[in-house]
Amino acid sequence: MAPWIPTFKSATEAELAANENNPPFITFQFATADAQGFPHVRTLVYRGFLFDDRNSNVITCVTDKRTNKYKELLTNDKFEAVFYFPKIRKQFRFRGMARIIDNTYKPVIDLSSIQPKTIIQNNYQNSSDSDSDEDEDEEELEIRATSTSSSLTSGPHNDSSCQMTPISHSLLSPSLLSQVQKQKSSENISYTNLQDLSSIDYYPPTSQEWESEHKRLWFNLSKPLKKSFRKPTPTTPITDENQKLIDSINRGVDGKKDEDGLKNFAVIGLFIDYVDLYELDKDRRYMYTKDSTQLWSEAEVCP
């Protein structure tokens with residue numbers, strides 16, 4: 001679990017309690033960029049953590065596949081999101097890459113940086129290299145480190161394939177996590193170091209698990225919101241025909257079922273790698289940054 005998660009979760013709960021659950025949800029501002037580089041910001045509803053598990057470190061929201069933000073995320077997956085809680089006076093700014101989850105796209109998760117066998121092998125190799133090359137030139141070491149860092153960092157995505165680009169993250173399959181937890185409980189395994197984990201092969205969520213998550217969030221929507229996914233394409237002109245369709249949908253006499261809107265429904269997973277937390281109530285500010293090995297660092301800075 002990322003170190004900012006407990007503070008964020010307690011903030012959402014405290015804000016809802018302070019508002020007496022009216023409204024019974026948390027909103028935030030979500031920014032993307034269009035093909036010309038212009039930013040677009042809109043207010044969305046926070047839908048909890050991916051797979052309903054805060055250990056995923058992935059925040060979710062939903063959208064209509066026909067909206068501009070969906071199209072923008074196909075060509076540029078970078079985002080920034082701001083949660084401001086006025087009652088408890090805390091603000092979270094999140095930055096990272098967004099991944100679409102629907103009947104067309106499913107995130108491709110790269111687990112290579114956290115596979116126990118790989119880490120053990122790399123540590124062994126690095127130790128051997130250090131012993132044999134103690135006098136290696138410092139400049140060459142710097143060049144090698146820069147090259148490695150560049151290969152691990154995702155560059156800008158300027159084409160429609162960015163949603164298919166693997167994203168380095170520690171997101172494991174929910175079924176694998178359940179299996180590990182059962183084994184840990186039944187065999188009293190502590191998993192206190194990498195050697196304890198070396199017999200496990202991590203794998204990401206399966207296609208079936210992504211589909212289940214897509215449907216889980218759909219079924220959690222209110223009936224009025226489900227209706228909106230059957231309405232005419234957002235931002236198209238209001239014609240007599242479109243107005244009649246909207247009226248019939250609102251009155252529930254359009255002859256369609258709620259599930260007919262599922263084809264236009266998409267989940268957005270916010271894969272966060274940078275967090276700026278400003279606690280206005282305490283006049284304290286913290287920066288959280290994730291590195292290429294999925295480890296988070298925390299630093300207090302001037303507010």
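**Entry 1: helix H9**

I looked up which residues of H9 are buried, and found Asn-242, Ile-246, Ser-248 and Ile-249. Buried means under 20% relative accessible area, exposed over 50%, and partly exposed in between, with a 1.4 Å probe and protein chains only. Seen down the axis of H9, the buried residues fall within an arc of 165 degrees, so they line one face of the helix. The arc is taken from the directions that run from the helix axis to the C-beta atoms.

I note that this is a predicted model, in which local features need pLDDT of at least 70 and side-chain atom pairs count only at pLDDT 80 or more, while totals for chains, interfaces and linings use all residues. Residues are numbered from 1 along each chain as its sequence is written, and side-chain values use heavy atoms, with hydrogens and water left out.

The face of H9 turned away from the buried side carries the exposed residues Asp-240, Lys-244 and Arg-251. Helix H8 (223-228) is included in what covers the buried residues. Contact here means heavy atoms within 4.5 Å.

I then checked the length. H9 (residues 240-251) has 12 residues and reaches 17 Å from its first C-alpha to its last, close to the 16 Å expected at 1.5 Å a residue. The expected span is 1.5 Å times one less than the number of residues. Helices (H or I, at least four residues) and strands (E, at least two) are DSSP runs, numbered from the N terminus. After H9 comes Gly-252, with a positive phi near 75 degrees.

**Entry 2: Thr-12**

I found Thr-12 in helix H1 (residues 5-18). Thr-12 counts as buried because its relative accessibility is 7%. Its side chain reaches the backbone oxygen of Lys-9 at 2.7 Å. Leaving out residues up to four places away in sequence, Thr-12 touches Ile-26, Tyr-46 and Phe-85.

**Entry 3: Pro-107**

I placed Pro-107 in the loop between strand E5 (90-101) and strand E6 (109-110). Is Pro-107 buried or exposed? At 7% relative accessibility, Pro-107 counts as buried. Among the residues it touches, not counting those up to four places away in sequence, are Arg-99, Trp-210 and Phe-271. Pro-107 and Pro-205 are 98 residues apart in sequence, and 8.9 Å apart in space from C-alpha to C-alpha.

**Entry 4: strands E9 and E10**

I saw that E9 (residues 284-290) and E10 (residues 296-301) pair in the antiparallel sense over 6 bridges. Two strands pair if DSSP finds at least two bridges between them. Arg-285 has Val-301 in E10 as its bridge partner. The two strands form a hairpin with 5 residues between them, and Gln-294 in the turn has a positive phi of about 75 degrees.

Terms used:
A polar contact is a pair of N or O atoms within 3.5 Å; within protein, one must be able to donate a hydrogen and the other to accept it, and residues adjacent in sequence count only if both atoms are side-chain atoms.
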